[in-house]
Amino acid sequence: LLLDDVTSKVVSLVCSQSQALSMQVYAVDKLDNERRKPLGGFRGVCFIRSTSDTIRHLRRELSDPKFDSYHLFFANSLPDHVLKDIA
């Protein structure tokens, strides 16, 4: 589960680590962590906001993927041009 600064606080308020583990969430990290090791065999789930910084980190992540696939969820609306740009 990859989060940004705000969504990490949201997730920590609504879900404990043991609850996350019971939902097969094996790792939680910040999207901007440049030292994350590849996790082959796993899907990455991103729950992030659509700020310019977060989108920049997302582009970097997708250009050098650490997971087999990604599922993207945004905490706020995403402009069409940004969606087309990252697709």
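## Basis

The model is predicted, so local features need pLDDT of at least 70 and side-chain atom pairs count only at pLDDT 80 or more, while totals for chains, interfaces and linings use all residues. Residues are numbered from 1 along each chain as its sequence is written, and side-chain values use heavy atoms, leaving out hydrogens and water.

## Aromatic pairs

The structure holds two aromatic pairs. Rings of Phe, Tyr and Trp (its six-membered ring) pair if their centres lie within 6.5 Å; planes under 30 degrees apart count as stacked, over 60 as edge-to-face and the rest as tilted.

Tyr-26 and Phe-42 form an edge-to-face pair, 6.0 Å centre to centre with 70° between the planes. Tyr-26 sits in the loop between helix 2 (17-22) and strand 2 (29-30), and Phe-42 in the loop between strand 2 and strand 3 (43-48), so the pair ties together parts 16 residues apart in sequence. Helices (H or I, at least four residues) and strands (E, at least two) are DSSP runs, numbered from the N terminus.

Phe-67 and Tyr-70 have ring centres 5.6 Å apart and planes at 85°, so this pair is edge-to-face.

## Exposure of the rings

Tyr-26 is exposed, at 55% relative accessible area. Phe-42 is partly exposed, at 38%. Both Phe-67 and Tyr-70 are buried. Buried means under 20% relative accessible area, exposed over 50%, partly exposed in between (1.4 Å probe, protein chains only).

## Leu-83

Leu-83 is in helix 4 (residues 80-86). Its relative accessibility is 44%, so Leu-83 counts as partly exposed. Leu-83 and Arg-36 are 47 residues apart in sequence; C-alpha to C-alpha, they are 24 Å apart in space.
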